[in-house]
Amino acid sequence: MNGLNSVVLATIPSPDRGVWYLGPLPLRAYALCIIAGIVIAIWWGERRWVARGGVKGEVTDIAVWAVPFGLVGGRLYHVITDNQKYFGPGRNPLAALEIWNGGLGIWGAIALGAVGAWIGCRRKGIPLPAMADALAPGIVVAQAVGRLGNYFNQELFGADTTLPWGLEIYRRVTPDGREDMLAGVAVDHTPIQVVHPTFLYELLWNLGVALLLVWADRRFRLGHGRVFALYVAGYTAGRFWIELMRTDEATLVFGQRVNVWVSALVFLGAVAYFVIAKSRGPREDVAALRGTGEPKTEDGGTEDGGTETAEPAETETAAVAADKDKTGSQAESVKPE
């Protein structure tokens, strides 16, 4: 008994609940973590984009497209791969719309979010690979913050463990006495399980990937989407072994969780792109790709406060036109009446 108590005292406690109420308004930890992650990704992405020659505010403009697309894509992936939770005998299909109860697949979020980002970039005349490189570290940090939502929801954990960093799982019940891990409140602090905190493993791994991206980008001046490819490869490498540890219900393909296969395939694709894109040369100059020597501000000036000057080709064309007008005037002056 003393041995068991010493194990429990050394473990990580779970929160009592994942939802708080301000009157009738529920505040869900999962949603708050997702929002916080998005804010961090936009803030950091903005700083990196400006440092690469972009215009301040453009990341926010792109996020207006990318974030809604990403949320829809993440939910679609989750519903498709875990369809047994929402469809079939005794299931409620409308629960597939209840995104606040958790369930966002990162693969769908990145895939459809990229479509939204492409639309936004196309409207702004911005190259998508350059924007993706600027956003990559912030995205993986956002994923780390989002994993805290799983902690509050007491979900996505691994098998039982006696390790000192094991996670305590409590019995939660709703006011009407119904057991509910998401909406309930812990009856006490006696754990019904002590498990591997796989959410924490992924959180720490993601922060490590962010550090790797920043270091590699500064050391090798990566461009043409290679920072984003490195992010995808780094994340999927970690997700592969973490996914193997999880014990929550999941769709199986050839005896393995579907996300194990997806991680492996996406990893190979990211590595291939990272290698192939090296042939495109050094990091692209965002300002040059936009046809100017300096990044423009919203009022048409440049980032250093100057005004935008005419392009050499335009100046030359104007001079030639003026010279032609002058020549034409001289010719008219000697013509007979």
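Colleague: What percentage of the 337 residues of the chain count as buried?

Modeller: The model is a predicted one. Its chain comprises ten helices and eight strands. A residue is taken as buried when its relative accessible area is under 20%. By that criterion, the buried part of the 337 residues is 40%.

Colleague: How many of the 20 residues of H7 are buried, and how far apart are the end C-alpha atoms of H7?

Modeller: Helix H7 is largely enclosed by the rest of the structure, because 14 of its 20 residues are buried. At 1.5 Å a residue, H7 should span 28 Å, which agrees with the distance between its end C-alpha atoms. The values are therefore 14 buried residues and 29 Å.

Colleague: Are H7 and H8 roughly parallel or roughly antiparallel?

Modeller: The axes of H7 and helix H8 (residues 258-276) come within 8 Å and cross at roughly 155°. Angles over 145 degrees are classed as roughly antiparallel, so H7 and H8 are roughly antiparallel.

Colleague: How many nonpolar residues does the contact of H7 with H8 have?

Modeller: On the H7 side the contact includes Leu 230, Ala 233 and Phe 240, and on the H8 side the residues include Val 260, Phe 267 and Val 271. By class, three residues of this contact are polar and three are charged, while the number of nonpolar ones is 15.

Colleague: Is the crossing of H4 and H7 left-handed or right-handed?

Modeller: Helix H4 (residues 106-124) packs with H7 (residues 226-245) at about 170°, the axes being 13 Å apart. That angle makes H4 roughly antiparallel to H7. Ile 106, Trp 107 and Ile 110 of H4 meet H7 residues, among them Phe 228, Tyr 231 and Tyr 235. The handedness of the crossing of H4 and H7 is left-handed.

Colleague: What is the relative accessible area of His 224?

Modeller: His 224 is placed in the loop between helix H6 (198-220) and H7. Its phi is near 60°, a positive value in a residue other than glycine. His 224 is buried, and its relative accessible area is 15%.

How values were computed
Residues are numbered from 1 along each chain as its sequence is written. This is a predicted model: local features need pLDDT of at least 70, side-chain atom pairs count only at pLDDT 80 or more; totals for chains, interfaces and linings use all residues. Side-chain values use heavy atoms; hydrogens and water are left out. Axes are lines fitted to C-alpha atoms, for helices over the stretch in contact, and angles run from 0 to 180 degrees between N-to-C directions. Helices (H or I, at least four residues) and strands (E, at least two) are DSSP runs, numbered from the N terminus. Angles under 35 degrees count as roughly parallel, over 145 as roughly antiparallel, 65 to 115 as roughly perpendicular and the rest as oblique. A crossing is left-handed if the near helix is turned anticlockwise from the far one by less than a right angle, and right-handed if clockwise. Contact means heavy atoms within 4.5 Å. The expected span of a helix is 1.5 Å times one less than its number of residues. Buried means under 20% relative accessible area, exposed over 50%, partly exposed in between (1.4 Å probe, protein chains only). Ala, Val, Leu, Ile, Met, Phe, Trp, Tyr, Cys and Pro count as nonpolar, Asp, Glu, Lys and Arg as charged, and the others, Gly among them, as polar.
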